[in-house]
Amino acid sequence: MRRGTERIMTGRTDRSDADDERAIVVGGGYAGVTAANRLARHGARPLLVTARPHFVERIRLHRVASADRPHARVPFDALLRPDVELLVATVARVDAADRRIVLDSGAERPFGALVLAVGSGARTVSSGVHCVDDESHAERLAGALRDRPDAVVTVVGPGATGVELACALADSGRRVRLARAARLAADHHGRALAARLTSLGVALLDDDVPPVAAAGDLVVDATGLAIPALAHDSGLPVDDRGRVVVDRSLRVHGVERVYAAGDAILVDGPGTAHLRPACASAIPLGTAVADVIARGRPRDAVPGYAARCLDLGDGHGRVQFVSRTDRLLPFAVGGRLGGIGKEAICRFTLRWMRAGAPSPLPSWPTSRTGALARTTAGA
Ligand SMILES: Cc1cc2nc3c(=O)[nH]c(=O)nc-3n(C[C@H](O)[C@H](O)[C@H](O)COP(=O)(O)OP(=O)(O)OC[C@H]3O[C@@H](n4cnc5c(N)ncnc54)[C@H](O)[C@@H]3O)c2cc1C
């Protein structure tokens with residue numbers, strides 16, 4: 001077992017120089033695992049503090065809900081480099097002034113640099129409504145589907161999660177309706193998704209159906225993600241959704257030695273509006289934040305994109321190419337080839353996290369046309 005795993009912290013008062021200078025990463029998701037591994041590649045011995053004893057491949061949770069997969073867990077031993085110490089614990093508060101984190105148990109850990117990578121999770125949905133935003137909710141939906149084999153499922157929200165879930169459920173033989181689907185007609189990518197949904201028998205509802213449960217139906221709210229309250233509760237600068245506000249080098253505004261990456265951030269400044277909550281953002285952000293810390297100098301860490309990849313059921317998928325700033329390009333790969341592309345990306349995701357680098361290529365696109373951020377230099 002990895003050092004620190006499952007350890008219960010019991011109030012620690014000794015504070016060595018090594019502890020004081022240590023980098024701590026909070027959150028073992030896509031951004032946090034990448035950042036911790038990247039720091040280790042830079043020669044650091046980071047501590048990864050995370051709430052669950054395993055990594056969750058959230059991008060596969062719609063398949064957990066549809067019972068195509070028993071779970072989406074990956075053991076940390078298969079992901080973390082040997083120099084990353086793992087502590088399974090929940091961080092209750094960050095004391096930025098005194099440079100320490102406080103765990104749920106009341107125990108404390110000092111840091112030299114802190115990366116907040118707490119991601120996003122399930123929103124509070126109304127009673128009887130489901131979501132697939134985190135592991136427990138996806139499993140709960142799978143259980144409800146088992147208990148009610150004839151129930152019609154209404155998925156509310158035509159974003160990537162809603163579309164993937166609707167396809168997975170329809171593929172498993174469910175009667176599925178996708179509400180708020182009118183938005184899909186807005187561009188060629190959406191229209192291709194609508195065609196695939198229709199071919200699977202998903203009823204597309206244009207109505208703005210509120211995510212509340214109707215008698216006999218199962219309703220899944222796929223309209224958005226919630227941000228953990230840690231940054232807010234710690235008095236760090238947050239936006240109205242609770243995302244911690246960082247500059248382009250991922251430094252938390254006005255707070256020394258505290259950085260953030262992943263879904264739970266708002267990058268302040270021009271040219272950042274394209275950033276979306278995605279592992280396609282979290283992995284390059286995790287890489288960049290580790291580089292900023294290890295090299296001790298700012299860099300433009302705002303990532304760009306190359307494609308949007310969706311699992312559309314029964315081995316089908318769609319890899320829609322986009323500009324660095326996430327604008328749709330007129331190229332896409334669909335059908336079974338698209339499904340192979342999507343599955344390959346999912347597998348590479350784990351490989352990139354393990355490597356602490358977001359790409360097998362020597363560079364990853366930034367949001368600035370023509371500008372490429374070095375991601376593997378020095379590592
Ligand atoms: C069904 C579904 C399908 C998706 N499909 C795609 C896709 O195809 N492509 C794509 O790019 N994105 C997809 N996403 C979005 C993607 O999963 C997220 O953007 C990604 O998980 C964000 O990574 P992260 O590292 O910021 O956070 P997370 O992966 O959410 O990890 C955050 C971690 O921090 C831990 N944590 C939180 N608070 C604390 C605390 N106080 N103390 C200790 N630990 C804490 C959590 O337990 C978690 O392990 C999908 C999401 C869902 C739900």
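Here is a guided walk through the structure, from the whole chain down to single residues.

The model is predicted: local features need pLDDT of at least 70, side-chain atom pairs count only at pLDDT 80 or more, and totals for chains, interfaces and linings use all residues. Residues are numbered from 1 along each chain as its sequence is written, and side-chain values use heavy atoms, with hydrogens and water left out.

Let's begin with the chain as a whole. It holds nine helices and 22 strands; helices (H or I, at least four residues) and strands (E, at least two) are DSSP runs, numbered from the N terminus. Of its 379 residues, 55% are buried, where buried means under 20% relative accessible area, exposed over 50%, and partly exposed in between (1.4 Å probe, protein chains only). The accessible surface comes to about 16100 Å², and carbon and sulfur atoms account for 53% of that area; these areas come from the Shrake-Rupley method with a 1.4 Å probe, and for residues only the protein chains shown count as cover. Take the contacts (heavy atoms within 4.5 Å) between residues at least 6 apart in sequence: 63% of them join residues at least 24 apart.

Strand 1 runs parallel to strand 9 (residues 113-116), joined by four bridges, and parallel to strand 2 (residues 47-50), joined by three; strands pair if DSSP finds at least two bridges between them. Ile-24 has a bridge partner in each neighbour: Leu-114 in strand 9 and Leu-47 in strand 2.

Between strands 1 and 2 comes helix 2 (residues 30-41), and the three elements make a right-handed β-α-β unit. Right-handed means that, with the strands pointing away from the viewer, the path from the first strand over the helix to the second runs clockwise. Helix 2 contains Arg-38, which is buried, with a relative accessible area of 0%. Arg-38 and Ala-294 lie 256 residues apart in sequence, yet their C-alpha atoms are 9.1 Å apart in space.

Now for the interior. A nonpolar core is a set of buried Ala, Val, Leu, Ile, Met, Phe, Trp, Tyr and Cys residues joined through side-chain atoms within 4.5 Å. The largest one has 65 residues, and Leu-48, Leu-114 and Leu-116 are among the members that touch the most others. Helix 8 (residues 279-295) gives this core its largest share, nine residues. A second, separate core of 33 residues includes Val-56, Val-64, Leu-165 and Ala-166. Back at Leu-116, contacts beyond four places in sequence include Val-26, Val-94, Leu-230 and Val-258.

Leu-165 and Ala-166 are also among the buried residues of helix 5. Nine of the 12 residues of helix 5 are buried, so this helix is largely enclosed by the rest of the structure. Helix 5 (residues 160-171) reaches 16 Å from first C-alpha to last, close to the 16 Å expected at 1.5 Å a residue, a span defined as 1.5 Å times one less than the number of residues. After helix 5 comes Gly-173, with a positive phi near 100°.

One last stop is Glu-57, in the loop between strand 3 (54-56) and helix 3 (61-65). Glu-57 counts as buried because its relative accessibility is 4%. Its contacts beyond four places in sequence include Tyr-30, Arg-69 and Cys-346.
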